[in-house]
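Let's take a friendly walk through a protein model. Have a look at the sequence and the 3D view below, and then we will visit a few spots together.

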Amino acid sequence: MAKHKKKKKYTSNFTPPEEKTAVRAKKHLGQHFLKDENIAKKIGDTLTLNGYKNVIEIGPGMGVLTKYILQNDLDVVAMDLDTESIEYLNTSFQLEHAQDLRNSNSFKVLEADFLKFDLSTLFGDEQFAITGNFPYNISTQIVFKTLEHRDRIPEFTGMFQKEVAQRICEKAGSKAYGILSVLSQAYYNAEYLFTVPPSVFNPPPKVDSGVLRLIRKDDYSLPCSEKLFFTVVKTAFGQRRKTLRNSLKTFGLSDEMKSLEIFAKRPEQLTVDQFIELTLLLEKLRTQGI
């Protein structure tokens, strides 16, 4: 009887296009890729396109939001730390969205860390907006850097962990109101826009997300020392359960100043305007010794 030859197992080196081009989300970069087109369009639509023609998108991933930004007449810089995302955006994404790229003024993909990048090297002296589906682990730092460059950033929109987005937009009197709320709202009008469920991401995060918009105030210069203002806000909320009379002891408050009604309050009870008033009082203490 003839022996049957054992069939050789066939191994293919072919990788399906969707596996070849897909970017793997990396936990250490805090990546959760948005996969819902409707949500991506809604975030793209949060940009008012008022007073600027340049946009930085932070953390574009596979470009689900990018393509909606590119439908506008804008110069767009997509900035990401992930080499795999950069390669994808420079190849597959640009081929797939060639028409959108023709509609845009210019599109540049930049492999860089936004927190370390010198923003003065982009767009010359022109204004620019910031948007993105921000990695949760650096989202508050992105806001602080935006505040540092507020002279050039008239608008900021994007997606955060829901609690962080709400905190930025929170008003005085709430437990969620804090340092980020006061500093952001001193220079920008803050609006919480909508909530996004975990199911629209890959991989899904363990929390809801929230989208907000910050629009710079027409008059965003403060009538007090901005450096002192930042210090006062951070010091006050550093001991948020204490009254300002106690949390601001290091400023050398005089008995006369301690007797003022504002110092009997806790930091979450003060509006942004009251924090400015408080800073002006402390400036007077330093210059006049009251």
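In which loop does phenylalanine 123 lie?

## Two residues with a positive phi

Phenylalanine 123 is found in the loop between β4 (106-111) and β5. Keep in mind as you look that this is a predicted model. Although phenylalanine 123 is not a glycine, its phi is positive, at about 65 degrees. Is its position buried or exposed? Phenylalanine 123 counts as buried, because its relative accessibility is 17% and buried means under 20%.

Now turn to leucine 49, in the loop between α2 (37-44) and β2. Leucine 49 is not a glycine either, and it has a positive phi of about 60 degrees. With a relative accessible area of 35%, leucine 49 is partly exposed.

## The nonpolar cores

In soluble globular proteins, nonpolar side chains tend to be buried together. The largest nonpolar core in this model has 57 residues. Which of them touch the most other members? They are Phe229, Phe275, Leu278 and Leu282.

If you set aside the neighbours within four places in sequence, leucine 278 is in contact with Val232, Leu244, Leu248, Ile262, Phe263 and Leu270. Another core lies apart from this one, and its 31 residues include Leu74, Val109, Ala129 and Phe201.

Next, find helix α6, which covers residues 139-148. Its buried residues are Ser139, Ile142, Val143, Lys145, Thr146 and Leu147.

What do these buried residues pack against? Their partners are the strands β2, β5 (129-132), β6 (155-161) and β7 (188-196), together with the helices α7 (162-169) and α8 (179-187).

## The largest pocket

Finally, let's look at the largest pocket, which has a volume of about 730 Å³. It is lined by 40 residues, and the closest to its centre are Phe33, Gly59, Pro60, Gly61 and Met62. Two or more lining residues come from each of β1 (33-34), β2 (54-58), β3 (75-80), α4 (83-96) and β8 (201-202).

Which element gives the most to this lining? That is α4, with three residues. As for the kinds of residue, the lining of the largest pocket divides into 22 nonpolar, ten polar and eight charged.

Terms used
Residues are numbered from 1 along each chain as its sequence is written. This is a predicted model: local features need pLDDT of at least 70, side-chain atom pairs count only at pLDDT 80 or more; totals for chains, interfaces and linings use all residues. Side-chain values use heavy atoms; hydrogens and water are left out. A nonpolar core is a set of buried Ala, Val, Leu, Ile, Met, Phe, Trp, Tyr and Cys residues joined through side-chain atoms within 4.5 Å. Buried means under 20% relative accessible area, exposed over 50%, partly exposed in between (1.4 Å probe, protein chains only). Contact means heavy atoms within 4.5 Å. On a 1 Å grid over the protein atoms alone, a cavity is a set of points where a 1.4 Å probe fits but cannot get out, and a pocket is an open set with protein on both sides within 12 Å along at least five of seven lines; lining residues have an atom within 4 Å of a point. Grid points are joined across faces, edges and corners, and a volume is the space filled by probe spheres set on the points. Helices (H or I, at least four residues) and strands (E, at least two) are DSSP runs, numbered from the N terminus. Ala, Val, Leu, Ile, Met, Phe, Trp, Tyr, Cys and Pro count as nonpolar, Asp, Glu, Lys and Arg as charged, and the others, Gly among them, as polar.
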